[in-house]
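Please consult the sequence and the structure shown below while reading this briefing. The points that follow are grouped by topic.

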Amino acid sequence: MQRTVLIVDDEKSIVDILKFNLEKSGYATICAYDGQEALHLAHEAAPDLMLLDVMLPYIDGFEVCQTLRAENDDIPIIMITAREEETDKVLGLELGADDYITKPFSVRELLARVKANMRRLAPSETPAPEAAENALHCGGIVIDLDRHTVSKNGRDLELTQREFELIKFLAAAPGKVVSREELMTEVWQYDYYGDLRAVDVAVRRLREKLEDDPANPVYVITKRGVGYYFSGE
């Protein structure tokens, strides 16, 4: 099945370059040149991934991202900007972006990130309710591997697909410390691409939904100087 990328940038020359290279790589594309149009197309066209510039007319990329995540829209978002400030990069990730790439960037790097994010969208059959036995049980946490859902003490948690993949990977081996580099490789499916801060932000967002006290987590634990592990106690 052909995947569709929504390209959002107010510079037509950038849009044209991205459109050409994505279509050459086998993706379908749709384009928006401002934030309002981006939200409209995200709702109406249901693209598989969004390349989202930060500096946009009417509504900036941060607000577009924040709005979609508030609606529980799980579309993978790669934010693109000419800015290089560290705070902007972290803000995009905090608002729910999956990744962040700064202009100027190589087309090869961008395509690698698109491919990695598309890879986690592989369709899977939804089993009948009585067949959903494939789950990880860790204390009050139940990770349903068939339905891609997580519940805590019987209450479903609203996780993004990235957050689900993160907790699934950690919980598969409770107590095993996993480095940020390994998480980037296994969960983000990036090798030398990717910003390791994306891992830290994703862990922080997951804790906000999972932990009673995110500042003192009992499930996703930091091993200082090494990485993270899941406590199944």
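Strand S3 (residues 49–53) and strand S4 (residues 77–81) pair in the parallel sense over four bridges; strands are DSSP E runs of at least two residues, helices are DSSP H or I runs of at least four, and both are numbered from the N terminus. Two strands count as paired if DSSP finds at least two bridges between them. The model is predicted, so local features need pLDDT of at least 70 and side-chain atom pairs count only at pLDDT 80 or more, while totals for chains, interfaces and linings use all residues. Residues are numbered from 1 along each chain as its sequence is written, and side-chain values use heavy atoms, with hydrogens and water left out.

- S3 is mostly covered, as five of its five residues are buried; buried means under 20% relative accessible area, exposed over 50%, and partly exposed in between, with a 1.4 Å probe and protein chains only.
- Leu-49, Leu-51 and Asp-53 point one way from the strand, whereas Met-50 and Leu-52 point the other way.

**The sheet as a whole**

- Strands of a sheet pair through backbone hydrogen bonds, either parallel or antiparallel.
- In this model, five strands form an open sheet in the order S2-S1-S3-S4-S5, with parallel pairing.
- Strand S2 (28–32) and strand S5 (99–102) stand at the edges; each has a single partner strand, so one side of each is left without a neighbour in the sheet.
- Neighbouring strands are turned by 20° against each other on average, direction ignored.
- Helix H2 (residues 35–45) lies across strand S1 (4–8), S2 and S3, and runs at about 145° to S2; axes are lines fitted to C-alpha atoms, for helices over the stretch in contact, and angles run from 0 to 180 degrees between N-to-C directions.

**Asn-117**

- Asn-117 belongs to helix H5 (residues 107–119) and counts as buried because its relative accessibility is 0%.
- Its side chain makes a polar contact of 2.6 Å with the side chain of Arg-162; such a contact is a pair of N or O atoms within 3.5 Å, where within protein one must be able to donate a hydrogen and the other to accept it, and residues adjacent in sequence count only if both atoms are side-chain atoms.
- Leaving aside neighbours within four places in sequence, Asn-117 is in contact (heavy atoms within 4.5 Å) with Leu-49, Pro-76, Ile-78, Asp-98, Arg-162 and Tyr-190.

**The largest cavity**

- The largest cavity holds about 130 Å³ of space; a cavity is a set of points on a 1 Å grid over the protein atoms alone where a 1.4 Å probe fits but cannot get out, and lining residues have an atom within 4 Å of a point.
- It is lined by 13 residues, of which Gly-96, Ala-97, Arg-162, Ala-202 and Arg-205 are the closest to its centre.
- Helix H6 (161–171) and helix H8 (197–210) each supply at least two lining residues, and H8 gives the most, with four residues.

Methods. 1 Å grid on protein atoms, 1.4 Å probe; cavity = no way out; pocket = protein on both sides within 12 Å on 5 of 7 lines; lining within 4 Å. Points joined across faces, edges and corners; volume = space filled by probe spheres on them.
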